[in-house]
Amino acid sequence: HADIALYSAKQSGRGNVCFFAPSMDREVRARRQMEHDLRLAVQRHQTFLAYQPMVASASGEIVGYEALLRWRHPELGEVPPEVFIPVAEESGSIVQLGEWVLTAACHEAAGWAEPLTVAVNVSPVQFQLPNLAAIVEGCLRRSGLAPHRLQIEVTEAALMRDPEAVRSIFRQLKALGVGIVMDDFGTGYSSLNSLQSFPFDKIKIDKSFIGALEGDEAARSVVKAIVGLGRSLNLAVVAEGIETEAQWRLVVEEGCPEAQGYLFGFPEVSRLTPELPPAAAAASRRQGP
Ligand code: C2E
Ligand code: MG
Ligand code: MG
Ligand code: MG
């Protein structure tokens, strides 16, 4: 069967796959098996969404949730997205998986008691679909979710292949009233250029900068600069990957308006009842820093 260790080693890019000494044959078979299993994952009800809260930095109050795809494989257990998303992207099944994510996230969010935002990650591969905006529109219509409650998170990789086609999709999404977020900001090749040439509404400071915040003046300068950039370009800014009170205090001091991270809540499954996901309770009990 598909071998997670094998993929993890490959994904980590350390080139140490040979450490496991797999035969080429075994590697290829494991990969094909995972591709095959991924294609059937939705219809076999192995996929679900976990929601992680996003909070207003100053108060800790929840303003929305990010939907994160989970895959529970009958033999492998929960396979991390870092492992299966690249396989789904290369084999094309991300198109069907991504549509399921959009449908499920809109449907679940439409049932929440409070009209909070829901952020959905959309793969660069999905941005090659000329009908992506129509797919999003269909999900909104069928779920009844107000378009302004939906945010689409994209990484810079999505902008690279065919910028004009992507610009057109962005325009259509904006016309629907959907928000567009640049995820993992600061890790791409030309983040600044992308920001001025695509109509983003929000930027997410990559968690690598947040992780380095304590005791690293340079990381702090980067956060300060991104917050300033957001202010002058009139973009919302989120700091992702906040794990400690000290990191929270620092992003508040730098004036970063929103935050997300394990400190405020882990990704958790949404209850089907029209209530907030469970993380809401814990996070909303928190006081400001
Ligand atoms: P992302 O969109 O940047 O999501 C943030 C990731 O950081 C999530 O990992 C989340 O669980 C994790 N995280 C949140 N808070 C913290 C923290 O305080 N510390 C640390 N160390 N990590 C934190 P996850 O759920 O494993 O997802 C990993 C990546 O997989 C996502 O990164 C996204 O790129 C991709 N992904 C997840 N769901 C989907 C999906 O539905 N569609 C697509 N295309 N990609 C997805
Ligand atoms: Mg994201
Ligand atoms: Mg991110
Ligand atoms: Mg990421």
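I started at Asp183, which is buried at 8% relative accessibility. The cut-off for buried is under 20% relative accessible area. I am reading a predicted model throughout.

**Entry 1. First magnesium site**

I looked up which residues hold the magnesium ion (ligand 2). Its coordinating atoms come from Glu66 (OE), Asn121 (OD1), Glu153 (OE) and Asp183 (OD). The distances run from 2.0 to 2.3 Å. I then wrote down the spacing of these donors along the chain, which is E-x54-N-x31-E-x29-D. Two of them sit on strands: Glu153 in β5 (residues 150-154) and Asp183 in β6 (residues 179-185). I noted that this pair is 30 residues apart and links distant parts of the chain. Glu153 has a relative accessible area of 2%, so it counts as buried.

Asp183 is in strand β6, while Glu240 is in the loop between β8 and α11. I count this as another link between distant parts of the chain, with the two residues 57 apart. Glu240 has a relative accessible area of 9%, so I logged it as buried.

Which residue coordinates both ions? It is Asp183, and the two magnesium ions are 4.2 Å apart.

**Entry 2. Ligand 1**

I listed the surroundings of ligand 1. There are 21 residues around it, and those that come nearest are Arg70, Asn121, Asp183, Glu243 and Tyr262.

I then looked at oxygen atoms of ligand 1. One is 3.2 Å from an N or O atom in the side chain of Asp184. For the side chain of Lys207, the distance from an N or O atom to a ligand oxygen is 3.0 Å. Tyr262 uses its backbone instead: an N or O atom there lies 2.9 Å from an oxygen of ligand 1. How much of ligand 1 does the protein bury? Taken alone, ligand 1 exposes 810 Å², and the protein buries 85% of that.

**Entry 3. Helix α11**

I moved on to α11, which spans residues 245-253. Its buried residues are Ala246, Gln247, Trp248, Leu250 and Val251. I looked for what covers them. The cover includes α9 (207-211), α10 (217-233) and β8 (236-239). Just after α11, I found Gly255 with a positive phi of about 80°.

**Entry 4. Ser143**

I picked out Ser143, in helix α5 (residues 132-143). Is Ser143 buried or exposed? Its relative accessible area is 17%, so Ser143 is buried. A polar atom of its side chain lies 2.8 Å from the backbone oxygen of Cys139. An α-helix has 3.6 residues a turn, so residues three or four places apart point the same way. Leaving out residues up to four places away in sequence, I found Ser143 touching Cys106, His107 and Ala110.

**Entry 5. The whole chain**

I took the overall figures next. The protein has 12 helices and 10 strands. Of its 289 residues, 48% count as buried. I also checked contacts between residues at least 6 apart in sequence, and 66% of these join residues at least 24 apart. The accessible surface is about 13,600 Å². Carbon and sulfur atoms account for 54% of that surface.

**Entry 6. Confidence**

The model has ipTM 0.98 and pTM 0.89. Mean pLDDT is 89, and 86% of residues reach 70 or more. I marked two stretches for caution. Over residues 12-18 pLDDT stays under 50, and the model has seven contacts there beyond four places in sequence. Over residues 280-289 pLDDT is also below 50, and that stretch has 20 contacts beyond near neighbours in sequence. Where pLDDT is low, the predicted coordinates should not be read in detail.

Methods:
Residues numbered from 1 in each chain as written. Chains lettered and ligands numbered in written order. Heavy atoms only, no water. Donors = N, O, S within 2.8 Å, 3.2 Å for Na, K, Ca; no water. Helix = DSSP H or I, 4+ residues; strand = E, 2+ residues; numbered from the N terminus. Buried < 20%, exposed > 50% of the residue type's maximum accessible area, 1.4 Å probe, protein only. pLDDT = per-residue confidence, 0-100. Contact = heavy atoms within 4.5 Å. Near = heavy atom within 4 Å. Polar contact = N/O pair within 3.5 Å; in protein donor to acceptor, adjacent residues only side chain to side chain. Areas by Shrake-Rupley, 256 points an atom, 1.4 Å probe, with all protein chains shown as cover.
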